[in-house]
Amino acid sequence: MGEVRAICQLAKVGHQGATIEVDALVDTGAVMVLLPEDLVDALGLERNGKVVVALANDQKIELPVALPLSLSIGNRSMVTDCLVGPPQCEALIGQIVLERLDLIVDPLKKILISRPESPYLPSLKMK
């Protein structure tokens, strides 16, 4: 399929500071958002505990969790928490964002698109 990237606007919820635009890798094998520590600090996000993360090579590591993050891709936005990675690491977008914003990967164009059944607003299942 190749690499799929998305331009994301990030900000701290409730903060009137500037929005930071990030070119993030869309990782369909990841669950959460991962942001580099220096970006988390620039946004002013607060650390809120740690989680154990299983990496692609089956290694398990502890990573801090930070919040509250406002994340927008295109015309769709959400509030979420994020994992805090090492400084200067690549930002990753995982399944929680894709599900919540109802975005799918277009493998031919290598972009994220709104699900065709819900082009104007995200459509979520409640069953």
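This is a predicted model: local features need pLDDT of at least 70, side-chain atom pairs count only at pLDDT 80 or more; totals for chains, interfaces and linings use all residues.
**Stop 1: the pocket.** Start by showing the largest pocket, which has a volume of about 460 Å³.

Stop 2: Next, select β4 (46-54), β5 (60-73) and β6 (76-85), each of which gives the largest pocket at least two lining residues. Which strand gives the most to this lining? That is β4, with four residues.

**Stop 3: the β4–β5 hairpin.** Keep β4 and β5 on screen and hide the rest. The two strands run antiparallel and are joined by seven bridges. Pick A54 again, and you will find K60 of β5 standing opposite. Five residues separate the two strands of this hairpin, and D58 in the turn is worth a click for its positive phi of about 70°.

**Stop 4: S72.** Stay on β5 and move along to S72, which belongs to this strand. Is S72 buried or exposed? S72 counts as buried because its relative accessibility is 14%, below the 20% cut-off. Show side chains here, and look for the polar contact at 2.5 Å between those of S72 and S77. To finish, display what else surrounds this serine: leaving aside residues up to four places away in sequence, S72 touches I7, C8 and Q9 as well as S77.

Terms used. Residues are numbered from 1 along each chain as its sequence is written. Side-chain values use heavy atoms; hydrogens and water are left out. On a 1 Å grid over the protein atoms alone, a cavity is a set of points where a 1.4 Å probe fits but cannot get out, and a pocket is an open set with protein on both sides within 12 Å along at least five of seven lines; lining residues have an atom within 4 Å of a point. Grid points are joined across faces, edges and corners, and a volume is the space filled by probe spheres set on the points. Two strands pair if DSSP finds at least two bridges between them. Buried means under 20% relative accessible area, exposed over 50%, partly exposed in between (1.4 Å probe, protein chains only). A polar contact is a pair of N or O atoms within 3.5 Å; within protein, one must be able to donate a hydrogen and the other to accept it, and residues adjacent in sequence count only if both atoms are side-chain atoms. Contact means heavy atoms within 4.5 Å.
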